[in-house]
Amino acid sequence: QAESDVAVLTTARDRRAQDLDATTAQRSEVATRFDGVVRELGQATVNGMSTIAYDAYRKAAMTLAAEQPGCGLRWELLAAIGKTESNHGVGRLDVFGNSLVPIIGIPIGGDTDGGRLDGDSSRDHAVGPMQFIPSTWQKWGTDANGDGKADPGNIVDAATAAGRYLCRAAGDLTLGTEAGVIRAILSYNPNQT
């Protein structure tokens with residue numbers, strides 16, 4: 001009886017292995033097609049903004065709403081900064097929000113990171129789609145996309161870090177007030193224009 005049971009179970013196991021192989025192949029095919037769709041959508045634009053940038057701003061605002069509900073951060077403020085600083089990184093971001101080419105601003109001061117983020121060991125440059133100064137990134141940088149690395153060149157990480165920075169800069173005025181928004185923006189980039 002035991003030998004008969006072993007034969008039945010072996011046959012069932014073999015059938016399941018074939019089913020698993022077929023399902024694995026089907027899953028791989030679907031994943032490949034899905035990756036193609038994501039690549040197309042990642043470079044699609046809505047009102048001049050890539051879908052990955054739009055998603056990053058919205059996710060950052062949702063994260064901050066949970067972390068600091070009193071702050072009042074809106075995704076539109078992040079989008080305005082992203083537009084001003086790098087035009088949302090359009091054409092320079094992959095579908096995961098990573099910079100395909102470095103987004104580096106003009107020299108703005110003495111070096112604070114040994115050129116690690118901006119490639120210049122003598123001067124600092126703002127980096128990434130949200131244009132973080134290396135010393136500011138060292139304090140506010142975050143791994144918002146969960147890839148194990150806080151990267152100012154990734155718009156998901158950068159938008160979340162920018163949101164936290166803006167909430168802190170607005171302080172008691174919050175981003176729910178005009179004065180708080182102005183204070184935060186001028187702290188982010190003290191350029192009146």
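Is C71 buried or exposed? C71 is buried, with a relative accessible area of 7%; here buried means under 20% relative accessible area, exposed over 50%, and partly exposed in between, with a 1.4 Å probe and protein chains only. Before going on, keep in mind that this is a predicted model, where local features need pLDDT of at least 70, side-chain atom pairs count only at pLDDT 80 or more, and totals for chains, interfaces and linings use all residues. Residues are numbered from 1 along each chain as its sequence is written, and side-chain values use heavy atoms, leaving out hydrogens and water.

Now to the partner of C71. C71 forms a disulfide with C167, their sulfur atoms 1.9 Å apart; a disulfide is counted when two cysteine sulfur atoms lie within 2.5 Å. C71 sits in the loop between α2 (51–67) and α3 (75–86) and C167 in helix α5 (residues 155–170), so the pair ties together parts that are 96 residues apart in sequence. C167 counts as buried too, at 6% relative accessibility. The torsion about the S-S bond of C71 and C167 is about -95 degrees, so this disulfide is left-handed.

Let's step back to the whole chain. It has six helices and four strands, in the order α-β-β-α-α-β-β-α-α-α from the N terminus; these are DSSP runs, with helices being H or I of at least four residues and strands E of at least two. The C-alpha trace spans about 85 × 40 × 35 Å along its principal axes. Of the 193 residues, 35% count as buried.
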